[in-house]
Amino acid sequence: MFWRRNWEDEISGSEESPFLECRHLLFEEEADYPICPSCGKLIKKNLPQNSVDRSRLFLICQKVKRVWSVKIGIASTLLILILSYLLPQLIGGWFLWTGNYGFSRFIPSSSHNPTLFSVTLFGYIPLFIFFVARERVKRFFTFSLGIEHFHKILYSWPVQLTLFIFIIILLSIYVPKFYEMEGESLIAKQIQLTPAQHVKGVELFVFVNMLCNWIVAGLLVIHQLIDRRRTWWLKEANEAYLAGGC
Ligand SMILES: [Zn+2]
């Protein structure tokens with residue numbers, strides 16, 4: 001049949017997958033799933049043998065792939081990474097352009113200064129460590145560390161929400177101090193600033209960096225919600241198949 005080619009192309013998953021390929025890690029209750037709940041690809045060893053079940057599975061796959069949270073895949077992670085890189089420049093540039101601060105860029109070009117992004121990154125790091133991982137990476141860590149029984153608790157929404165609030169509190173206590181220190185030394189390099197302008201410049205520097213952190217934190221929450229939804233849909237597709245539906 002015309003679709004047979006694509007269908008069989010999608011079947012990846014020898015036991016020795018390279019690092020970047022999904023290993024289709026399944027929990028006990030998912031042992032019979034033919035569709036991987038983290039990458040959405042087919043799992044070779046769980047594929048049905050008879051053609052009726054095969055075409056039923058094919059239809060379910062087609063249906064679930066139309067769901068937008070399933071479609072998005074890795075694009076949301078890439079989008080967040082690109083935005084986190086561009087935000088400090090864009091927001092900083094906009095404030096300096098619209099306000100009267102006595103200088104036009106935080107970091108004078110043609111000097112051996114760090115880039116604005118490398119300063120902002122300090123606050124991003126804890127956010128990314130805890131909230132950028134998608135289902136595939138989460139499962140990879142759970143299975144590597146052998147903590148399968150804690151996976152559901154660890155990634156349940158109350159635990160994740162508590163962790164998020166905890167990180168946000170830590171960020172708002174410690175990170176502004178770091179940005180202030182960096183801002184002081186960077187803005188001191190601007191020539192001909194009055195002391196008042198200097199203070200105002202440092203305040204803006206801290207504000208811009210913190211604003212980027214809050215925006216990225218918000219984006220990561222959306223990213224996590226989409227990924228949860230995606231995993232939920234993929235699991236639903238498997239359940240529908242195993243229950244004999246289509
Ligand atoms: Zn997979």
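In which crossing does α8 pass α9? The crossing is right-handed. The views below come from a predicted model.

**View 1. Helix α8 packs against helix α9.** Helix α8 spans residues 157–187. Its axis and that of α9 lie 9 Å apart, at an angle of about 140°. Angles over 145 degrees count as roughly antiparallel. The pair α8 and α9 is therefore classed as oblique. On the α8 side, the contact uses Ile 168, Leu 171, Val 175, Pro 176, Tyr 179, Glu 180, Gly 183, Glu 184 and Ile 187. They meet His 198, Gly 201, Val 202, Phe 205, Val 206, Asn 209, Met 210, Asn 213 and Ala 217 of α9. By class, this contact holds eleven nonpolar, five polar and two charged residues.

**View 2. Helix α5 runs alongside helix α9.** Helix α9 covers residues 195–242. The axes of α5 and α9 come within 9 Å and cross at roughly 20°. Angles under 35 degrees count as roughly parallel, so α5 and α9 are described that way. Their crossing is right-handed. From α5, the contact draws on Val 119, Thr 120, Gly 123, Tyr 124, Leu 127 and Phe 131. From α9 come Asn 209, Cys 212, Asn 213, Val 216, Ala 217, Leu 220 and Gln 224. Eight of these contact residues are nonpolar, five are polar and none is charged.

**View 3. Helix α4 meets helix α5.** Helix α4 is residues 75–98, and α5 is residues 116–131. The two pack at an angle of about 120°, with axes 9 Å apart. That angle makes α4 and α5 oblique to each other. The crossing is right-handed. Ser 84, Tyr 85, Pro 88, Gln 89 and Gly 92 form the α4 side of the contact. Leu 116, Phe 117, Thr 120 and Tyr 124 form the α5 side. The classes are five nonpolar, four polar and no charged residues.

View 4. How much of residues 72–96 is helix? The model gives 92% helix and 0% strand for this stretch. Its end C-alpha atoms are 35 Å apart. Residues 154–175 are 91% helix and 0% strand. There the end C-alpha atoms are 26 Å apart.

**View 5. The chain is assigned two domains, domain 1 and domain 2.** Domain 1 takes in residues 4–70 + 235–242. Domain 2 is residues 74–231. Their C-alpha centres lie 36 Å apart. How many residues of domain 1 are in contact with domain 2? Nine residues of domain 1 touch ten residues of domain 2. The domain 1 side of this contact has six nonpolar, two polar and one charged residues.

Notes
Residues are numbered from 1 along each chain as its sequence is written. This is a predicted model: local features need pLDDT of at least 70, side-chain atom pairs count only at pLDDT 80 or more; totals for chains, interfaces and linings use all residues. Axes are lines fitted to C-alpha atoms, for helices over the stretch in contact, and angles run from 0 to 180 degrees between N-to-C directions. Helices (H or I, at least four residues) and strands (E, at least two) are DSSP runs, numbered from the N terminus. Angles under 35 degrees count as roughly parallel, over 145 as roughly antiparallel, 65 to 115 as roughly perpendicular and the rest as oblique. A crossing is left-handed if the near helix is turned anticlockwise from the far one by less than a right angle, and right-handed if clockwise. Two residues are in contact if their C-beta atoms, placed from the backbone, lie within 7 Å. Ala, Val, Leu, Ile, Met, Phe, Trp, Tyr, Cys and Pro count as nonpolar, Asp, Glu, Lys and Arg as charged, and the others, Gly among them, as polar. Domain bounds come from an automatic or database domain assignment.
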